[in-house]
Amino acid sequence: MAVNYTFTGEFTLKELMEFKTVPELKDILLTLGLGLRGNPLKADYVEHVVRVMTEEPQKLVERMFYYELKACLDVIEGKMSLEHAEQSGLLFELNRFGLIYSTIQHNINKKFLCFSKEMAQLLRPLIPAELERREKDGSLLAEKLALGCANLYGFTEMHYVEELIPELEQAVGHELSEKDLSRMFRPVLYAMHYGIKRKDRPFMSPFCVYNGFKFDTAHIDFGIEAKTFDFDTIVGFGEMPYPVIKSPATEKLKKVAEKHGDPEVGTPEYIVRQLWIEKQDESRASAIPAFNDYFLFASFEDLQASMRVIMEFFNTVPYWRLRGNSSEEIGRKGMEEMRKSGKMPHISIGPNMRAMGIESLEQLQEMARRGEDLPFPSHNQPNQSGPKVGRNDPCPCGSGKKYKHCCGK
């Protein structure tokens with residue numbers, strides 16, 4: 001859930017900027033393509049930001065993403081509630097320029113998200129024209145390409161997007177000049193401060209910000225070759241604030257969410273998005289995603305059947321750490337490399353595998369060759385493959401550990 005940076009009451013733009021820290025004010029100026037020399041005080045930053053926004057609001061409009069502009073217009077026109085902005089993750093994006101506050105209408109006891117009045121008046125006539133321009137000249141498609149790369153790889157640098165320019169030109173129907181590309185990608189370039197200060201800073205996926213977890217390029221395994229996606233898939237992942245995650249596993253998960261999803265959590269689409277984000281969250285990389293937060297299972301059988309689908313989803317969706325590859329794809333590539341090198345891992349058939357009906361390594365290899373899933377052991381079927389193993393006995397799987405510290409956990 002996005003962090004609520006809004007404040008109750010009505011504030012002037014200057015007062016809203018005074019809520020910001022100096023680093024936040026510097027960031028706003030950089031995004032506007034500006035800066036201050038010397039050793040200015042916070043009051044100087046506040047004054048400069050306010051002056052630029054009120055005197056040159058077009059600078060702000062040109063540097064906001066299409067989806068941000070649409071959300072701004074909805075907020076200004078009263079079409080978006082604070083609750084929806086929080087739930088969709090747009091609240092943080094709307095407030096990265098420090099323009100919003102919350103107000104309570106006491107007669108109906110409801111809270112609304114509002115823009116600074118000065119900026120609402122200045123932006124309202126500018127936003128519709130800017131939205132129309134981007135839809136017509138291909139800027140919207142360019143933004144989706146950049147956002148799609150960021151959402152598939154966790155971040156993007158312009159060289160990822162540059163490889164897609166020929167297909168972008170084909171989509172818009174004409175060759176694009178350097179001036180065209182600079183205009184079309186302006187929000188992305190300024191979001192990464194490209195050419196202004198931190199030139200090589202990548203554009204991070206907005207989803208890590210929306211959901212309160214830290215993600216940077218240190219989390220990427222650059223030893224893995226980045227997966228190549230087709231143009232339409234990248235554009236789909238560039239839909240904001242909710243990417244189009246298309247796969248057979250996604251459709252199966254949606255059906256599980258329709259049947260067992262907690263209605264108080266959200267729609268099936270919302271649950272799929274949240275589980276996709278859970279997969280990307282590096283703070284939970286070594287833990288099982290908290291899928292119980294999203295589902296209500298009436299029986300163990302329902303849980304058992306659904307777990308197959310949930311794990312298939314986690315194993316097949318693009319994973320930021322793996323540069324857009326899925327865990328399953330990397331596992332398959334690793335097995336292929338070991339097979340070619342002749343260094344296959346040693347696999348022992350222990351009681352847990354026998355409980356799933358697997359009696360030999362050859363049987364397991366044949367199942368892998370056919371792409372079959374491992375069968376789940378029945379919760380009410382005791383393991384009858386051999387004598388009972390004591391908790392302090394060596395584990396039958398051959399790991400060398402005690403049973404209680406290995407398969408007996």
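## Helices and a predicted model

A helix here is a DSSP run (H or I) of at least four residues, and helices are numbered from the N terminus. One more thing before we start: the model you're looking at is predicted.

## Helix α5 and the glycine after it

Let's begin with α5, which spans residues 66-76. Of its 11 residues, 9 are buried, so the rest of the structure largely encloses this helix. The buried ones are Tyr66, Tyr67, Glu68, Leu69, Ala71, Cys72, Leu73, Val75 and Ile76.

Just past the end of α5 sits Gly78, whose phi is positive, at about 75 degrees.

## Aromatic rings

Rings of aromatic residues can pair up, and the whole structure has 10 such pairs. Take Phe65 and Tyr67: their rings are stacked, with 5.9 Å from centre to centre and 25 degrees between the planes. Are these two buried or exposed? Phe65 has a relative accessibility of 2%, and buried means under 20%, so Phe65 counts as buried. Tyr67 comes in at 9%, so Tyr67 is buried by that cut-off too.

In soluble globular proteins, nonpolar side chains tend to be buried together. In this model, the largest nonpolar core has 98 residues, and the members that touch the most others are Met17, Met53, Leu99, Phe115 and Phe295. Helix α10 (residues 139-153) supplies the largest share of this core, with 9 residues.

Have a look at Leu99. Setting aside residues up to four places away in sequence, Leu99 touches Leu13, Leu16, Met17, Met53, Leu60, Leu94, Cys114, Phe115, Ser116, Met119 and Leu123. Now hop over to that last one, Leu123, which sits in helix α8 (residues 117-123). Its relative accessibility is 0%, so Leu123 counts as buried. Ile76 is 47 residues away from Leu123 along the chain, but their C-alpha atoms are separated by 8.8 Å.

Next, find α17 (residues 248-260) and α19 (residues 300-316). These helices pack at an angle of about 145 degrees, and their axes are 9 Å apart. The crossing of α17 past α19 is left-handed.

Which residues of α17 and α19 meet? On the α17 side you'll find Ala249, Thr250, Lys252, Leu253, Val256 and His260. On the α19 side there are Asp302, Ser306, Val309, Ile310, Glu312, Phe313 and Thr316. Sorted by type, the residues of this contact are 6 nonpolar, 4 polar and 3 charged.

## A buried histidine and an exposed glycine

His48 is part of helix α3 (residues 42-55). With a relative accessible area of 13%, His48 is below the 20% cut-off, so it is buried. Beyond its neighbours within four places in sequence, His48 is in contact with Leu29, Leu34, Gly35 and Leu36.

Gly173 belongs to the loop between α12 (165-172) and α13 (178-184). At 62% relative accessibility, Gly173 is over the 50% cut-off, so this glycine counts as exposed. Its C-alpha atom is separated by 9.9 Å from that of Asp137, a residue 36 residues apart from Gly173 along the chain.

Notes
Residues numbered from 1 in each chain as written. Predicted model: local features only at pLDDT ≥ 70, side-chain atom pairs only at ≥ 80, totals over all residues. Heavy atoms only, no water. Axes fitted to C-alpha atoms, helices over the stretch in contact; angles between N-to-C directions. Helix = DSSP H or I, 4+ residues; strand = E, 2+ residues; numbered from the N terminus. Left-handed = near helix turned anticlockwise from the far one by under 90°. Contact = heavy atoms within 4.5 Å. Nonpolar A, V, L, I, M, F, W, Y, C, P; charged D, E, K, R; others polar. Core = buried A, V, L, I, M, F, W, Y, C linked by side-chain atoms within 4.5 Å. Buried < 20%, exposed > 50% of the residue type's maximum accessible area, 1.4 Å probe, protein only. Phe/Tyr/Trp six-rings, centres within 6.5 Å; stacked < 30°, edge-to-face > 60°.
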